[in-house]
Amino acid sequence: MRAVRVPQNAEFELDEQAYGQDPTANRETDLYRGEYIMSFVEKWDELIDWDARANSEGQFFIDILRARGKETVLDVATGTGFHSVRLTQSGFNVTSADGSASMLAKAFENGQKRGMILKTVQADWRWLNRDIQGKYDAIICLGNSFTHLHEEKDRRRALAEFYAALKHDGILIIDQRNYDAMLDHGFSSKHKYYYAGDKVKAEPEHIDEGLARFKYSFPDGAEYTLNMFPIRKNYMRRLLSEAGFERVRTYGDFQETYAEEDPDFFIHIAEKSSLHLVRWGGATLEEGQTDIREVAESYYDSDDADTFYSTVWGGQDLHIGLYDTTKDIRTASDLTIEEMLKMLPRLEDGAAFLDIGSGYGGAMRKVLSRRGDREDDTAVCLNISEVQNDTNRHRNRQKGYADRIRVVHGAFEDIPEKPASFDVVWSQDAILHSDQRQQVLSEVFRVLKPGGYFIFTDPMQADDADPSALQRVYDRIQLNSLGSMRFYREAAEALGFEVVEQRDMTNQLRTHYFRVREELIANYKRLRDDGASAEYLDKMAEGLQNWVDAADAGQLSWGIQLFRKPA
């Protein structure tokens, strides 16, 4: 019987990268097929260094997928399999796709070495749905891979294919190098993430608005190159929005607070749909009605707010500080946490804390630290902003709190925790965003253990405030009232709370908003350069002045309040 020769994939037979006489002139999307030759692919893992990359990246993507309840994942830029293997090991159902046959072969081999059989499929993104089966909860496109698309029509077509391959509530996670910094300020790589191999150099030998040509130099003298299109961050965000994705959140090197020139990489998380029918405890709205919780989430997730809070307000915390001994906003914010801890009675080891409206989670990390990092102490951070929650989880892992601080996306009007679960419920300057403050207190009472404490701060109106004098303040936060000392006292007592202390510290509120406005004005140009819009900054400056004026007029109140649930 005559043997039949099976045709070999042409990519496996290439032994040299071919760019033509002028490599910088070759700017075609199909070029990638001839760039990833086997000798380069065999060295790719030296560039990646799986262990170093895993340590740097932590569980950022795993946490994002788990927090959103995703199970099926399509890795469209599998490469040598780093993320496909890690996600499979973490329990996700992963399909591994790539346009390069040589990369897929190496990924399959890497999977086998780790005791798994990857489900691989060779697929060009422009015709992705021709080659894959079904729809997925999530698609990941990592490792700067999307920048292999040199033509806009190819970028738009690929995103359309990604969109079509996702379920109705699916998400796309896509990353890119910080080409803005390279084009505007020159190249500088700290090699913190992605390319973590410390013996391999990866740097551009040519960059212009249409091409970033990178050279990869290995210890044995071997050199390879890749031609990529230098996608700017805001252009990428616009493409995602125009492809139909309803929410696009951008992170810099695994955290959402960054100065534009600092990160090596940007990571975009794009939601196919922002419609969550049971998002806030199953509540439904009449047509045309606005849920104040959606307003708060969208505000804190916005790029403008992110840039402002990370630069001026402090990044870790978003609450009012104590300024008796300092003018520094970050230091003052820490002092509030310290003072609140002093007001709490002595707690036994194994105390359980719940922070409602936790922001970036800085308060709970500080609380556990100040209590001596007792291993039995635990905390839950409940927060409405997924962007802040993603950062909170990542920082908890970095600081060694991943097993002791649980981060939950949700609203404090419907706390998703069991009754009598916590020794302390904590909140800083968050309840003002609710138009159901009585319900918030009721939920706090429900989840506190008998004898447990509720300690919180909140920007409030004075007991005898004139609502008409506060209209500008109300408009800023899209509400028609604030709480007050009297309201919280009477509402708490009606629920059965004992009012331990209501400490009036309104002068701190006035000083805080004054200092924040000062810093905004002093850093206006930097904030604009970092991407905050003039419209946002001007409105913020006006809004902060309204708070200062209202405080000066005796219309506002602020302080630390401590309530106890009877034993």
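**Close-up views of a predicted model**

**View 1. The β6–β7 hairpin.** A hairpin joins β6 to β7 through 2 residues. The model shown here and in every other view is predicted. Strand β6 covers residues 201-208 and strand β7 covers residues 211-217. The two run antiparallel, and 7 bridges join them.

View 2. Rolling a probe the size of a water molecule over the atoms shows where empty space is left. Across the whole structure, the search finds 5 cavities of 30 Å³ or more. The largest cavity holds about 470 Å³ of space. Its lining is made up of 36 residues. Nearest the centre of the largest cavity lie A77, G79, D98, L142 and S145. Several elements each supply at least two lining residues: α3 (38-48), α4 (50-57), α6 (82-89) and β8 (223-228). Sorted by class, the lining has 19 nonpolar, 12 polar and 5 charged residues.

**View 3. The salt bridge of R126 and D124.** Side chains of opposite charge can pair when their charged atoms come close. The search of the whole structure finds 38 salt bridges. One of them links the side chains of R126 and D124, with 2.7 Å from N to O. R126 counts as buried because its relative accessibility is 6%, under the 20% cut-off. D124 has a relative accessibility of 9%, so D124 counts as buried too.

**View 4. The salt bridge of D377 and R371.** The side chains of D377 and R371 meet in a salt bridge, at 2.7 Å from N to O. Are D377 and R371 buried or exposed? Both are buried.

View 5. K539 and E535 join their side chains in a salt bridge, with an N to O distance of 3.5 Å. Both residues belong to helix α22, which spans residues 534-552. They sit 4 residues apart in that helix, so about one helical turn separates them. K539 counts as partly exposed, at 44% relative accessibility. E535 has a relative accessibility of 56%. That value is over 50%, so E535 counts as exposed.

**View 6. A salt-bridge network.** Four residues are shown: E42, K106, E109 and K113. Salt bridges link them in a network.

View 7. A disulfide is a covalent bond between the sulfur atoms of two cysteines. How many disulfides does the structure hold? The count is 0. C141 is buried, with 0% relative accessibility. C381 is likewise buried, and its relative accessible area is 0%.

**View 8. Q122 in strand β3.** Q122 has its place in strand β3, residues 119-122. Q122 counts as partly exposed because its relative accessibility is 33%. Along the chain, Q122 and S100 are 22 residues apart.

View 9. Helix α11 spans residues 233-242. Which residues of α11 are buried? They are K233, Y235, M236, R237, L239 and L240. G244 follows α11. The phi of G244 is positive, near 115°.

**View 10. N144, a buried loop residue with positive phi.** N144 is placed in the loop between β4 (136-141) and α9 (152-165). Its phi is near 65°, a positive value in a residue other than glycine. N144 has a relative accessible area of 1%, so N144 is buried.

**View 11. A420, a partly exposed loop residue with positive phi.** A420 lies in the loop between β13 (405-409) and β14 (422-428). A420 is not a glycine, yet its phi is positive, about 50°. Is A420 buried or partly exposed? At 38% relative accessibility, A420 counts as partly exposed.

Terms used:
Residues numbered from 1 in each chain as written. Predicted model: local features only at pLDDT ≥ 70, side-chain atom pairs only at ≥ 80, totals over all residues. Heavy atoms only, no water. 1 Å grid on protein atoms, 1.4 Å probe; cavity = no way out; pocket = protein on both sides within 12 Å on 5 of 7 lines; lining within 4 Å. Points joined across faces, edges and corners; volume = space filled by probe spheres on them. Nonpolar A, V, L, I, M, F, W, Y, C, P; charged D, E, K, R; others polar. Buried < 20%, exposed > 50% of the residue type's maximum accessible area, 1.4 Å probe, protein only. Disulfide = S-S within 2.5 Å. Pairing = 2+ DSSP bridges.
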